[in-house]
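Morning, everyone. Let's get the structure up on the screen. I'll keep this short.

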Amino acid sequence: MGNQLVIKCGGSTLEQLPASFYEDLTALQQGETNVVIVHGGGPAISNTLKQMGIEPHFIDGLRVTDAPTLKVAKMVLIGDTNKQVVTSIQQAGGRAAGISGIDGKTIQVTQGPEHLGFVGEIQRVEPTLIEALSGAGMIPVIAPLGVDETGQVYNINADTAAGAVAGALGVGQLVMVTDVPGVMQEIDGVKQVLPQLDRIQIEALIADGVIYGGMIPKVRAALDALGQQVEEVLIINGYEPGILRRVAAGDAVGTKIVAEGKVEHA
């Protein structure tokens, strides 16, 4: 079956990804690598809610998903964002199939914290449908929605979903596609990418203000993915041509987030 690569693309990053990113995906798929994509869609959901006169509501940075919000999330994630990614891959010469965690009961959940509404907590990922699509030469593109035993649909955090999918497929590495080359630190007056970090180092860098702004949720999401049978999370810049081919080849790119005590010292 060759190598496997599970890639998480955030909603805000997706809107800006160049054609070269999808060309890379297609080249990998046509080679010896099976690619699986899990995507987000937060900004698009919020924009659609506002257009419908519904104000998005967050608690501690987490979206509160009431019934109207869930309806919009399903509409945007499945009907819009998912098909945009599929279309972009196919325009680059690849073959892709869009699904959500609802299809084939791929992502099975229970209700998470009640104050967040229809937000699911993943219990199990059933990889049968994903593996069937990969086996048919398709790139599975997965929207982060799940379903419980009663058939109730839930919104899921895309980072958590990507980690769980990678774990279920037995893929040790999750690749998070962002708009930056990795975690950066100024060393001798020059900004450099930090090649490897663990939780202790990340918390220290946040405290020192080296990791700040939009990078904080990225590294926290990477830390959350660890432990779901995912050994490492790679943060890369999706706008860099050829980046995915370099990842698949095992080149040292981006910032690798690993469990405590697993940092390799040069």
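This is a predicted model: local features need pLDDT of at least 70, side-chain atom pairs count only at pLDDT 80 or more; totals for chains, interfaces and linings use all residues.

Start with the largest pocket. It holds about 1,200 Å³ of space. How many residues line the largest pocket? The count is 42. Look towards its centre. The residues nearest to it are Lys 8, Gly 61, Asn 157, Ala 158 and Asp 159.

Which elements give two or more residues to this lining? On the helix side, we have helix 1 (11-14), helix 3 (42-51), helix 6 (158-168) and helix 8 (215-225). On the strand side, we have strand 4 (62-63), strand 7 (120-125) and strand 11 (173-178). Helix 8 gives the most, with five residues.

The lining of the largest pocket has 17 nonpolar residues, 16 polar ones and nine charged ones.

On to the second largest pocket. The space here is about 450 Å³. Its lining is made of 24 residues. Closest to the centre are Leu 234, Gly 250, Asp 251, Ala 252 and Val 253.

Where does this lining come from? Strand 1 (3-9), strand 15 (232-237) and helix 9 (243-248) supply at least two residues each. Helix 9 has the largest share, four residues.

For the second largest pocket, the lining splits into 12 nonpolar, eight polar and four charged residues.

So, to recap the main contributors. For the largest pocket, remember helix 8. For the second largest pocket, remember helix 9.

Key. Residues are numbered from 1 along each chain as its sequence is written. Side-chain values use heavy atoms; hydrogens and water are left out. On a 1 Å grid over the protein atoms alone, a cavity is a set of points where a 1.4 Å probe fits but cannot get out, and a pocket is an open set with protein on both sides within 12 Å along at least five of seven lines; lining residues have an atom within 4 Å of a point. Grid points are joined across faces, edges and corners, and a volume is the space filled by probe spheres set on the points. Ala, Val, Leu, Ile, Met, Phe, Trp, Tyr, Cys and Pro count as nonpolar, Asp, Glu, Lys and Arg as charged, and the others, Gly among them, as polar.
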